[in-house]
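Hi everyone, thanks for making time for this. Let me put the structure up on the screen, and then we can walk through it together.

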Amino acid sequence: MSDRLLTESKGVGARVAQRLATLGLVRESDVLFHLPLRYEDRTTLTPLNAIRPGLWCQVEGTIVHQTIRYARSRMLVATLADESGQVLLRFFRFYPNQQRLLTEGARVRCFGEVRLGSGGFEMAHPQCLPLGENPPPLPDHLSAIYPTTQGVSQALLVRLINSALDRLDSGALVLKDWLSPQQTSISLKEALLAVHRPKAEDNIAALIEGIHPAVRRLALEEMLAHHLTIARQNKARAQQRAQALRLTDPHVKDLFDRFLAGVGFAPTSAQSRVIEEITQDLASQQPMRRLLQGDVGSGKTLVAGAALVVAAGSGVQAAMIAPTELLAEQHHRTLKGWLEPLGIEVIWLTGKVTGKAREAALARIAEGASVVVGTHAIFQEPVVFKHLALAIVDEQHRFGVHQRLALANKGKREGQLPHQLVMTATPIPRTLAMTAYAGLDVSVIDVLPPGRKPVQTVAMSSQRRDEVIERLKSALAEGRQAYWVCPLIEESDVLEAEAAETRAAELAEALRDFQVGLIHGRLKSKDKQAIMAKFEAGDLDLLVATTVIEVGVDVPNASLMMIENAERLGLSQLHQLRGRVGRGSAQAVCVLLYKPPLGQMATERLKVMRETTDGFVIAEKDLELRGPGEVLGTRQTGMMRFRIADLARDGRLLDTVHALAETIAPEAADAIIDRWIGQAEAYVEV
Ligand code: ADP
Ligand code: MG
């Protein structure tokens with residue numbers, strides 16, 4: 001018996017299957033290579049008199065009390081007791097079945113982090129298992145926790161992986177082991193079982209640190225898969241051709257000089273260096289494939305503008321896409337301001353451009369208009385370019401691989417590919433950049449434009465909101481502008497928009513002498529633009545916003561930012577948000593409002609935010625706190641990433657990898673690439 005599609009498993013319908021596919025999980029064997037992020041020890045129970053704040057533990061007992069409290073919203077609170085003591089279980093959101101499960105007299109087993117609340121030790125949102133007459137035995141191995149994605153729950157993954165492991169263990173599912181016993185000390189099957197289901201007495205530290213033979217076995221095969229892939233891609237790429245766009249052409253040079261003279265500031269040393277790197281790439285007959293990393297506010301738009309000018313001057317077409325309407329609109333305005341005075345036509349195209357305007361835009365693109373700026377609408381079906389030779393993607397992590405490919409494909413003609421520049425403000429730790437972006441050359445803007453002062457950051461309990469509003473009032477009275485961010489608190493943009501609306505109304509009431517605006521993802525694009533325009537013009541003093549402002553928005557006079565629910569946001573998102581302020585000359589301040597009590601992770605994150613504004617330091621910390629899987633996102637983001645190997649740790653396996661690659665049979669190479677990299681390979685094809 002062998003591999004089968006996940007759609008043949010119980011409970012996996014078309015929709016779930018699609019979401020699983022975004023994690024690269026299509027076949028049963030795929031889930032076996034979806035490896036744990038970490039482990040939880042549920043093999044033992046902790047008596048309630050032994051629990052301590054910060055401890056993740058499993059406890060068991062009887063519910064002795066349950067109430068629904070009405071604070072800011074409905075909250076379920078239950079007291080769990082065993083012979084030795086008790087603990088409070090707190091649910092800020094809950095379902096009727098949870099309320100039923102935790103009724104007085106019920107016996108339950110709970111797993112979660114212990115915190116110190118106002119009334120003693122408590123667990124917020126513990127995972128609870130109802131215990132009937134015959135409580136299930138405690139597991140004899142550690143519980144693996146897997147990386148998930150929206151719409152794919154931990155429970156579903158655990159079920160699918162367990163079922164595949166059972167079939168592997170029983171021999172019903174056979175995975176071909178491409179490495180012989182001479183080549184590794186442990187078989188593929190043994191390695192997979194050890195990694196997914198480590199025994200409590202197994203060397204867990206070795207597993208987590210990745211020095212366990214099981215991890216090494218898998219890391220070796222994974223590194224081999226990457227090595228084989230890169231070797232193939234290099235071979236394929238050497239054949240690719242692109243139109244050379246030469247700055248040395250006098251006409252291009254003239255346009256380029258006039259462009260730089262017209263932007264109103266001198267490029268920073270970093271911008272000049274990066275522009276030089278890019279113009280060199282563009283002059284080559286091989287397609288550029290470059291990633292530009294630059295912290296928020298470092299001035300990536302100027303660099304993009306320079307590349308666009310070189311393309312336009314060379315008589316070919318260039319396109320620049322941004323992930324949101326708001327950001328695309330801002331780019332359009334900036335670029336139009338820079339390029340149109342030079343006689344370069346700039347076309348605007350998003351999904352919201354319809355009717356006659358759309359027809360006109362499409363016609364101009366087909367006729368060869370130089371520059372097109374917009375959203376993903378640009379790479380959709382009906383858009384036909386005359387000669388697209390440069391594609392720029394801003395905030396590339398917001399796009400999927402397929403989207404970037406679709407854009408590049410628009411420029412495929414007569415054996416030539418467009419040059420590609422992708423830009424990101426999400427700094428990838430240097431330790432990851434090399435492998436994460438295999439196949440892309442990396443440029444970094446590491447100098448900020450002159451005159452920037454680092455944003456001062458403070459963390460405050462949301463209970464002190466009134467105080468914050470008072471301070472805000474005096475700042476607004478001085479003519480400053482501010483953002484008030486209400487980030488995603490529910491998994492729904494409807495609820496998020498409502499929360500922002502409520503907050504905007506409250507703030508408008510509290511700040512009656514000032515103009516308060518509201519922007520969120522559910523507004524029409526026209527309305528969003530109108531509101532941003534008013535804020536930019538200074539007609540609004542305060543802008544209440546959801547995370548739609550996260551990416552790229554630029555209003556230099558805005559120097560204050562309040563972020564609610566800051567404890568729920570990841571470091572890179574907080575960093576992105578905070579980057580909206582501190583772009584002008586005034587000292588900028590960011591207030592992180594959090595709901596106490598804070599968990600350990602959240603405390604740590606807020607501390608990092610207070611201590612540094614350096615995106616690379618923050619990215620390193622993020623990596624440390626969350627692990628590479630989370631930092632880089634799923635395979636969808638289009639970056640090469642290792643699921644298990646770590647070059648720093650496993651570097652000494654490289655010699656073995658190279659030796660294996662020399663001798664491996666083509667069919668084995670195909671199978672190993674397919675097993676570890678699968679569809680992700682597609683993104684580097686162009
Ligand atoms: P990024 O996209 O990297 O976050 P932007 O391109 O939006 O940053 O630039 C941020 C701000 O800095 C813009 O207002 C831009 O005009 C300004 N800027 C960019 N480069 C310079 C420079 N060399 N000198 C002064 N201001 C600059
Ligand atoms: Mg930008």
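Let me start with a question for you: how exposed is Glu470, in terms of relative accessible area? Keep in mind as you look that this is a predicted model.

Here is what comes out: Glu470 is partly exposed, because its relative accessible area is 48%. Its partner in a salt bridge is Lys473, and the closest N and O atoms of the two are 3.4 Å apart. Lys473 counts as partly exposed too, with 29% relative accessibility. Both residues belong to helix α15, which covers residues 465-477, and they sit 3 residues apart, so about one helical turn separates them.

In general, side chains of opposite charge can pair when their charged atoms come close.

Now find Glu564 and Arg503. They form a salt bridge as well, with 2.5 Å between the closest N and O atoms. Glu564 lies in the loop between β20 (558-563) and α18 (571-578), while Arg503 is in helix α16 (residues 493-510), so this pair ties together parts that are 61 residues apart in sequence. And are these two buried or exposed? Both Glu564 and Arg503 are buried.

Next, please look at Arg232 and Asp670, another salt bridge, whose closest N and O atoms are 2.9 Å apart. Arg232 is in helix α7 and Asp670 in helix α24, so the link joins parts that are 438 residues apart in sequence. Arg232 is partly exposed at 36% relative accessibility, and Asp670 is partly exposed at 40%. There is also a network of salt bridges, which links Asp177, Arg217, Glu221 and Arg675.

Let's turn to the inside. Nonpolar side chains tend to be buried together in soluble globular proteins. Here, the largest nonpolar core has 54 residues, and among those with the most contacts inside it are Leu20, Leu192, Leu224 and Trp676. Several elements give two or more residues to this core, including α1 (14-22), α5 (188-196), α7 (213-237) and α24 (666-676). Which helix gives the most? That is α7, with 9 residues.

Finally, back out to the surface. Arg72, Arg93, Arg568 and Lys595 form a positive surface patch. You can find Arg72 in the loop between β2 (56-70) and β3 (74-81), and with 63% relative accessibility it counts as exposed.

Key: Residues numbered from 1 in each chain as written. Chains lettered and ligands numbered in written order. Predicted model: local features only at pLDDT ≥ 70, side-chain atom pairs only at ≥ 80, totals over all residues. Heavy atoms only, no water. Patch = residues over 30% accessible without salt bridge, like charges linked within 9 Å, V, L, I, M, F, W, Y side chains within 5 Å. Areas by Shrake-Rupley, 256 points an atom, 1.4 Å probe, with all protein chains shown as cover. Salt bridge = Lys/Arg side-chain N within 4 Å of Asp/Glu carboxyl O. Lys, Arg positive; Asp, Glu negative; His and termini not counted. Charge placed at Lys NZ, Arg CZ, Asp CG, Glu CD. Helix = DSSP H or I, 4+ residues; strand = E, 2+ residues; numbered from the N terminus. Buried < 20%, exposed > 50% of the residue type's maximum accessible area, 1.4 Å probe, protein only. Core = buried A, V, L, I, M, F, W, Y, C linked by side-chain atoms within 4.5 Å.
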